[in-house]
Each structure stands twice: as structure tokens, then as C-alpha cells.
Amino acid sequence: MLDRKDPVNKGDRNKIYFLIVVIVALLGTNAFLYFKDKYEKERFVTTNTEKERLKLEVEKIEVEFDKVNTMNVALTEKLQNEQKLARIKISALKQSLQKGQVTQAELIAAQAELKKLRAFLTDYKDDFSRLEKENSFLKAERDSLVRSVTTVSAKANALEKKNSELNAKVKSGAALKAFNVALAAFKVKNSGKNVEVTKASTAKKLVTYFNIIPNELATKDYHKIYIRVFDPSGNLIADEQNMFEAEGQEMQYSDMITISYNNDATAYTIEWVNPRPFVKGTYAILLYANGFTMGKAAITLK
């Protein structure tokens with residue numbers, strides 16, 4: 001019996017097996033490369049998406065810091081330092097995320113840093129809110145204190161005004177007041193004797209007579225009595241250097257005497273020699289003591 005001859009020899013069979021292996025290997029390589037490329041693309045897309053999300057989160061946190069800082073609150077040194085530190089971290093994260101390529105490790109580090117920054121912002125806002133409340137409370141207390149001070153100041157001013165008015169009344173009440181004020185004109189003879197006259201041509205001086213009203217409030221002491229003499233034209237006859245204060249203003253006086261007041265019935269006189277010739281008409285005098293008008297009188301010379 002004859003053996004059937006194999007149409008494919010052993011060497012050809014080996015070649016076929018080799019080709020099959022090569023084809024399978026190529027197919028496997030292509031599949032590996034395909035899935036690898038797909039994975040890389042997906043990972044790149046995921047990385048970019050995560051990077052953009054992180055960038056957005058950083059910008060949100062920066063906006064939050066800006067929003068908090070728009071409040072008109074004086075920051076403590078601690079909050080100022082915390083804010084500076086946060087700004088530095090935000091700037092570093094933004095620079096890191098603005099790079100063209102970001103590795104997975106860099107993204108993970110950025111996520112961790114962003115998490116810390118969120119917690120930092122929460123604490124910062126809490127501290128800021130607490131400080132704002134404290135400042136509001138202090139401002140309210142300050143305003144209340146200012147109102148109290150204003151009220152006290154107003155009361156003090158009112159009291160001072162009343163005291164001033166009272167002092168003025170006391171001074172006015174304690175001032176000496178004259179009564180029985182009379183005025184006479186005299187000529188002086190060669191012998192030195194004074195003779196009362198009624199004519200201006202012969203008059204040389206005026207003598208004022210007055211008594212002082214009893215006053216228990218007046219000080220029993222020496223008092224200065226000032227006299228102002230006005231000629232018929234209403235002009236004051238006085239030395240411009242002779243000044244005193246009365247009725248709240250500076251005035252010139254014609255003459256001044258000092259008396260000893262004892263709250264008794266003593267009568268007083270003031271002799272005033274006219275440095276000018278007397279003229280016809282009415283001469284008037286005003287007496288002052290303790291800064292107030294004391295009395296007045298007038299005389300008409302022919």
C-alpha cells in the first residue's frame with residue numbers, strides 16, 4: 001500500500017506558523033499602541049480639565065479675599081500677615097497652573113495646596129468677621145462715648161455760662177452805687193479859697209459830691225472811683241493814657257480817686273480841674289466803680 005504524499009512540506013508549514021505569529025504580534029502591538037494613545041489622550045484631556053478647574057478655584061478664592069478686603073475694617077497685624085501669605089500662595093498656584101504642561105504629580109500637589117488655601121480662607125473670613133463685629137461694637141461704644149462727652153461738655157458749658165452770669169450778678173450786686181450825686185463849679189481865688197460859680201468864664205474846676213448806698217455784699221476795702229467828664233459838645237475830656245475797664249470794655253477816664261469803703265454813711269467828693277477853659281453849656285459826669293456805672297450828674301454853666 002502506497003503512502004499519500006503531503007502537499008505542504010514541513011518547511012512551508014513552519015513559515016506559515018511564523019507569519020501567523022508575526023501577524024498576531026503586529027495586531028497586538030497595534031492594539032496596544034491604539035489603547036495607549038487613547039489612554040494618553042484621555043489622560044491629557046483629564047489633566048487639562050483638572051488644571052482649568054483648579055485655575056477657576058484659585059481665581060474664586062482670590063475674588064473672595066478681594067471681597068472681604070472691600071469691607072472698611074482695620075486689620076490686625078495677624079490678619080495682615082495672613083493675607084500676605086495667602087496672596088503669595090495664590091500667586092504661586094496661578095503661575096504653576098499657567099504652564100503649558102502640568103504633570104499628574106503637580107496637579108495632586110496643587111490640589112493639596114488649594115485644599116489648604118480653602119481652609120485658610122475659611123479661618124481668615126471667620127477672623128475677619130469677628131474683627132468686624134468687634135470694630136462695630138467699639139465704634140458703637142465710641143459714638144456713645146462721644147455723645148456722652150458732647151452732652152457732658154454741653155452741660156459743662158451751660159453750667160459755666162450760668163456761673164459766669166451768676167458771677168456777673170454777684171459782681172454787679174457787690175458793686176458800689178452812689179446816691180445824692182451833685183455837681184458844682186468853682187473858681188479859685190488868689191488866697192486859695194474855692195468859690196462856687198455858675199458862669200463858665202469864671203469856673204476853674206468841678207466838684208462832685210456823692211454818698212454810697214449801703215451794700216452788705218460790697219467788700220469793705222479800698223475801692224477806685226473813676227470819673228468821666230463830658231463838655232457841652234459831648235466830648236470826653238481825658239488823658240488818652242488814663243485807661244480803665246468797665247461795662248466789659250476799655251475806657252478813658254478824666255480823674256480817679258481811691259476811697260476806703262466801710263459800708264457807712266461817709267460822704268465823698270472828687271475835685272476835677274479842667275485843663276481847658278470852660279465854655280457855656282451843660283457839663284456831664286459819669287462815676288464808675290468795680291467795673292460798673294456808679295452814678296451820674298450834670299451842671300449847666302452860663
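View 1. D143 is partly exposed, since its relative accessible area is 24%; partly exposed means between the buried limit (under 20% relative accessible area) and the exposed limit (over 50%), with a 1.4 Å probe and protein chains only. This is a predicted model, in which local features need pLDDT of at least 70 and side-chain atom pairs count only at pLDDT 80 or more, while totals for chains, interfaces and linings use all residues. Residues are numbered from 1 along each chain as its sequence is written, and side-chain values use heavy atoms, with hydrogens and water left out. The D143 side chain meets that of R142 in a salt bridge, 3.2 Å from N to O. A salt bridge here is a side-chain nitrogen of Lys or Arg within 4 Å of a carboxyl oxygen of Asp or Glu. R142 is also partly exposed, at 47% relative accessibility. The structure holds two salt bridges.

**View 2. The salt bridge between K205 and E271.** The two side chains meet at 3.1 Å, N to O. K205 lies in strand 3 and E271 in strand 9, so the pair ties together parts that are 66 residues apart in sequence. Strands (E, at least two residues) and helices (H or I, at least four) are DSSP runs, numbered from the N terminus. K205 is buried, with a relative accessible area of 7%. E271 is partly exposed, at 43%.

**View 3. Strand 9 beside strand 3.** Strand 3 (residues 205-212) pairs with strand 9 in the antiparallel sense, over seven bridges. Pairing requires at least two DSSP bridges between the strands. E271 in strand 9 is the bridge partner of V207. In a regular strand, side chains alternate between the two faces of the sheet. Along strand 9 (residues 267-273), Y268, I270 and W272 point to one face and are buried.

View 4. I16, Y17, I20 and V24 make a nonpolar surface patch of about 390 Å². Patch residues have over 30% relative accessible area and no salt bridge; like charges are joined within 9 Å, nonpolar side chains (Val, Leu, Ile, Met, Phe, Trp, Tyr) within 5 Å. Areas come from the Shrake-Rupley method with a 1.4 Å probe; for residues, only the protein chains shown count as cover. I16 sits in helix 1 (residues 10-69). I16 counts as partly exposed, at 45% relative accessibility.
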